[in-house]
Amino acid sequence: MYIPSTFLYEVLGSEKIGVFCESNSQGNKAIIAKLPTSTIKAIALGAKVDFHLFTTSRKPHYLALCMRVFDNTSSPLHAMLAQRWQNSNNIFEASFFDTELDLVLFDETDAPIQEGKIKIKTNFRNKRARNVLQNTNLASSNDYEAVNHFMDSVCADLGFDYIPHPNYPIVSFKFSVEIKDIRTVTAIHVNEQGSAHYDVIRDIDGPRQERQIYQSLCLMDDSKTALSPLVTIGKKERELTDILTITQNHQLVAVESKCLQVDKDAVEKPYERTSASIIKHCKKALGQLEGVYKTIKRGERIYDEYDNTLLLGANHSFYGVVLIDEFRPSKDWDEVINLMQTLSNTHHICLNIISISEMIYTMKLCTSNTDLFVESLENRHKACINANTVDVRFINSSLPTMV
């Protein structure tokens, strides 16, 4: 498996999603992508993939790469990113075409969980890309505002509802790709609080997503996180919630994880049906979080699988998170947002619906500080209600930067 340079790994870790390239002094060349785990699994199951390259017809000549993955036939995922580099090792050049490259796919936790080989094929329609790359003085995408304008033009070129910026006329190329020799890599995360491992193909998607977010929450400062904490109601022992984080400042973050199972049938399923499924799960999860809050408010003893007491008492601020694999647009989200607001106002708690990539990215922006993270949950809740959408995305406006 190709191991990216320290520079590229830091850039990869600073992004939610994207495609990167790298070559090294040994002559190895690789395409590296950071994708949702569900999309990575779809690739392993044979989902169609194509590749896009974008630059501009006038200076500065920024460069963007995009992998389009048909993890859902009617609504493919576009993993696009303006490229930045310190040296020529991370500049996409003509030698990446028509040759077998290493392919490494990283998940939301920045773990490499799949590898294989990829060939980006040229034909008579796109072979001019070779001349463009060889004869253009490409610029690293380090100007945040300018790159945003460039990416607006890229999105418009792809057919999204964006207005192209007049200063960044796009030159674009589309390529078919051949992917083979896909192999899953077992991810193992170990920290002081515990360990988690998962295999994207063999594991059921729901428990796998729980382990991913569990290990991320374990890295937060001044807190303790438990996977599947327990409570006894009457004589019956049951799981309180999927994950519970308890901070030193008497704050609780309860996570209900909801994830759609990815299989070959899911790729062909109408997008409206997948959206309806995740919305149904979210409504159920909000009701479950209400139950978690009521249980804790009653002062029930919460404990782990070894019968160690995690929580005893009700004097804690409550933050509930419905964790989803990815956001899927639908007109029916209004009902979910209304329910989220009603429950939050009724119990004076803070509820959110967040994708796993957005939640992990938010933790990074908070530099693992639990106080900042809790504050971000409050800000996200307000933004969701005000904008009437759960698709709220935090950004680091200092990016792109050279690291």
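**Figure 1. Threonine 99 is partly exposed, at 31% relative accessible area.** Here, buried means under 20% relative accessible area, exposed means over 50%, and partly exposed lies in between (1.4 Å probe, protein chains only). The model shown is predicted: local features need pLDDT of at least 70, side-chain atom pairs count only at pLDDT 80 or more, and totals for chains, interfaces and linings use all residues. Residues are numbered from 1 along each chain as its sequence is written, and side-chain values use heavy atoms, with hydrogens and water left out. Threonine 99 sits in the loop between β5 and β6; helices (H or I, at least four residues) and strands (E, at least two) are DSSP runs, numbered from the N terminus. Look across to isoleucine 120: 21 residues separate it from threonine 99 along the chain, yet their C-alpha atoms are 7.1 Å apart.

**Figure 2. Aspartate 98 and arginine 130 form a salt bridge.** Their closest N and O atoms are 2.9 Å apart, where a salt bridge is a side-chain nitrogen of Lys or Arg within 4 Å of a carboxyl oxygen of Asp or Glu. The pair links distant parts of the chain, 32 residues apart: aspartate 98 belongs to the loop between β5 (77-82) and β6 (100-106), and arginine 130 to helix α3 (residues 128-135). Both partners are partly exposed, aspartate 98 at 34% relative accessibility and arginine 130 at 26%.

**Figure 3. Glutamate 100 meets lysine 180 in another salt bridge.** The closest N and O atoms of this pair lie 2.9 Å apart. Because glutamate 100 is in strand β6 and lysine 180 in strand β8 (residues 170-184), the contact ties together parts 80 residues apart in sequence. Glutamate 100 is partly exposed at 43% relative accessibility, and lysine 180 is partly exposed at 33%. Strand β8 also holds aspartate 181, whose phi is near 55°, a positive value in a residue other than glycine. Aspartate 181 is exposed, with a relative accessible area of 53%.

**Figure 4. Within helix α7, lysine 294 pairs with glutamate 290.** The N to O distance in this salt bridge is 3.7 Å. The two residues are separated by about one helical turn, because they stand four residues apart in helix α7 (residues 271-297). An α-helix has 3.6 residues a turn, so residues three or four places apart point the same way. Lysine 294 is partly exposed, at 39% relative accessible area. Elsewhere, Lys16, Glu358 and Arg380 are joined in a network of salt bridges; a search of the whole structure finds 24 such bridges.

**Figure 5. Acidic side chains make up a negative surface patch.** Its members are Asp221, Asp222, Asp371, Glu375 and Glu378. Patches are made of residues with over 30% relative accessible area and no salt bridge, joining like charges within 9 Å and nonpolar side chains (Val, Leu, Ile, Met, Phe, Trp, Tyr) within 5 Å. Accessible areas come from the Shrake-Rupley method with a 1.4 Å probe, and for residues only the protein chains shown count as cover. Lys and Arg count as positive and Asp and Glu as negative, leaving out His and the chain ends; each charge is placed at NZ of Lys, CZ of Arg, CG of Asp or CD of Glu. Aspartate 371 lies in helix α10 (residues 370-387) and is partly exposed, with a relative accessible area of 39%.

**Figure 6. Helix α2 (residues 37-44) is mostly covered.** Seven of its eight residues are buried, namely Thr37, Ser38, Thr39, Ile40, Lys41, Ala42 and Ile43. Just after α2 comes glycine 46, with a positive phi of about 105°.

**Figure 7. Two backbone details are worth a friendly second look.** Most residues other than glycine have a negative phi, and most peptide bonds are trans. Lysine 59 and proline 60 are joined by a cis peptide bond, with omega about -5°; proline 60 is in the loop between β3 (49-56) and β4 (64-69). Histidine 250 is not a glycine, yet has a positive phi of about 60°. Histidine 250 is found in the loop between β14 (243-247) and β15 (251-258) and is partly exposed, at 46% relative accessible area.

**Figure 8. Leucine 310 is buried, at 14% relative accessible area.** Leucine 310 belongs to strand β17 (residues 309-311). Its C-alpha atom is 29 Å from that of aspartate 110, 200 residues away along the chain. Of the 403 residues of the protein chain, 54% count as buried, and the chain has 10 helices and 19 strands.
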